Amino acid sequence: MKKVLVIATLILAVFALNACGGAYEATPVIADDSSASAAQATPAPNPTTSPDAAVTEAPQERPRDFVTITDFNGNVVQVRQNPSVVAVYDWGVLDMMYTVGFDKFGIETLIIPNPAGIPSVLSGVNNLPDVQIVNGGTLFYVNWDVLDLVPPELIILGARSFGMNAQEERLSAEDNAAFRAATEERYADTAFIRLTINAQSSDLVNDMRNNAYALSQIWPHVADYLLVEFYEIEAGMAAVNAAASASGLTTAFLMMTTPTNLSLFLDGSRMGMVFDEFGFTPATTTEDIGLFSDQHGFESRAEFILALNPDIILLLDRNEMADNVPQSAGFDALMSDPIIARTAAFENNRIYALYPQEWYTVVGGFGSARQMISCMMRVVGDFD
């Protein structure tokens, strides 16, 4: 394991984050022992850039040219640079902008879904100085009544946009497309781009790269900040990947929706970044158990986890999404399960509780990625 220790040391040098710290106002914790205790950690420092990345243009000198953006769906869209009235319906993209600093973008009016219900890790968005925050509906519903009053120059859509109507009823794929088409027709002077991540089969690094590049085209004076932040995150993920791959340990990633229900995420799923980007080896594969389409994972039992006998278990409790609590009733239930107690992960104190907002709700942002890397550093730092 000497090679693993050397790589783990390299990780700390490449990406200087405290264990499970993040670029948020909240101070997170991670639970990582068999007694289900949680260790308090200091938040990581805010992202920094080199002096060469400083903004030198005065706001009135910033260009208003049209740029061509290819969005998540492959649509080619003409967007006018430096819009000051912007709607963002994707938490990950909002996290990117928040982590870099909204003061750098020159946005005067920011329309977001349900500001009162914003994920706690992004709650500071509601207190941005010199930025008017407007309630634009929900992640699923784009509210025309609001946009009629405050028509945005740019609407950044997420994966869930147009998924519901005003009555919060789920829309079919056909109705979803019709809702979007009607919205684009209604706001013909507004640019619509979808910048999000793949919620079916994770391709986190590439999706983050594409979104950061798109934002840098729209706000070119912020490009250095965006790209420096992305490259630091990419390096951090690569360093974790090297240590995890060298360890030879297998991992089962669970999302617990209730204290009695376990879901297993493998490669090729929305949590595939654990394996594809962070370099952990799944305890089994989708090829072994067959493909499944449920975005909440493959339902499993403790007996199945014991049969896989993973070296590491990463646990996320979906019931704690609002409070963003890693240690929870679901975590405690898992830790007290006599069958789970027979796994290598339990016996070697390698069961880790993760923060649900960073891994599920706000995934794709810079702050959430920093939190992910910090947690994974803690995991590989425990290798011996």
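## Helices α5 and α6

The axes of α5 and helix α6 (residues 223-247) approach within 9 Å and cross at roughly 170°. Axes here are lines fitted to C-alpha atoms, for helices over the stretch in contact, and angles run from 0 to 180 degrees between N-to-C directions. α5 and α6 are therefore roughly antiparallel to each other (angles under 35 degrees count as roughly parallel, over 145 as roughly antiparallel, 65 to 115 as roughly perpendicular and the rest as oblique). From α5, the residues Leu204, Val205, Met208, Arg209, Ala212, Leu215 and Ser216 meet Ala223, Leu226, Phe230, Ile233, Glu234 and Met237 in α6. Contact means heavy atoms within 4.5 Å. Sorted by class, the contact of α5 with α6 has 10 nonpolar, 1 polar and 2 charged residues. Ala, Val, Leu, Ile, Met, Phe, Trp, Tyr, Cys and Pro count as nonpolar, Asp, Glu, Lys and Arg as charged, and the others, Gly among them, as polar.

This is a predicted model, in which local features need pLDDT of at least 70 and side-chain atom pairs count only at pLDDT 80 or more, while totals for chains, interfaces and linings use all residues. Residues are numbered from 1 along each chain as its sequence is written, and side-chain values use heavy atoms, with hydrogens and water left out.

## The chain as a whole

The protein chain holds 13 helices and 15 strands. Helices (H or I, at least four residues) and strands (E, at least two) are DSSP runs, numbered from the N terminus. Of the 384 residues of the protein chain, 55% count as buried. Buried means under 20% relative accessible area, exposed over 50%, and partly exposed in between (1.4 Å probe, protein chains only).

The protein chain exposes about 15,800 Å², and carbon and sulfur atoms supply 49% of it. Accessible areas come from the Shrake-Rupley method with a 1.4 Å probe; for residues, only the protein chains shown count as cover. Among contacts in the protein chain with a separation of 6 or more, 71% are between residues 24 or more positions apart.

## Helix α2 and its two partners

Two packed helices are described by the angle between their axes and the distance between the axes. For helix α2 (residues 91-100) and helix α5 (residues 204-218), the axes come within 11 Å and cross at roughly 60°. That makes α2 oblique to α5. The crossing of α2 past α5 is right-handed (a crossing is left-handed if the near helix is turned anticlockwise from the far one by less than a right angle, and right-handed if clockwise). Val93, Met96 and Met97 in α2 meet Met208, Asn211, Ala212 and Leu215 in α5.

The axes of α2 and helix α13 (residues 366-381) come within 6 Å and cross at roughly 90°. α2 and α13 are therefore roughly perpendicular to each other. On the α2 side the contact is made by Asp95, Met96, Thr99 and Val100, and on the α13 side by Phe366, Gly367 and Ser368. The contact of α2 with α13 has 3 nonpolar, 3 polar and 1 charged residues by class.

## Loop residues around α4

Gly158 sits in the loop between β8 (154-157) and α4 (173-186). With 0% relative accessibility, Gly158 counts as buried. Gly158 and Asp90 are 68 residues apart along the chain, and their C-alpha atoms are separated by 4.4 Å. Leaving aside its neighbours within four places in sequence, Gly158 is in contact with Tyr89, Asp90, Arg194 and Thr196.

The loop between α4 and β9 (191-194) contains Tyr187. Tyr187 is buried, with a relative accessible area of 6%. Apart from neighbours within four places in sequence, Tyr187 is in contact with Trp144, Leu147, Asp148 and Phe192. Tyr187 and Asp148 are 39 residues apart in sequence and 8.5 Å apart in space, C-alpha to C-alpha. Asp189 also lies in the loop between α4 and β9, but Asp189 is exposed, with a relative accessible area of 77%.

## Positive phi angles

Asn114, in the loop between β6 (109-112) and β7 (132-135), has a positive phi of about 35° although it is not a glycine. Asn114 is partly exposed, with a relative accessible area of 34%.

Asn349 has a phi near 55°, a positive value in a residue other than glycine. The place of Asn349 is the loop between α11 (344-347) and β15 (351-353). At a relative accessible area of 35%, Asn349 is partly exposed.
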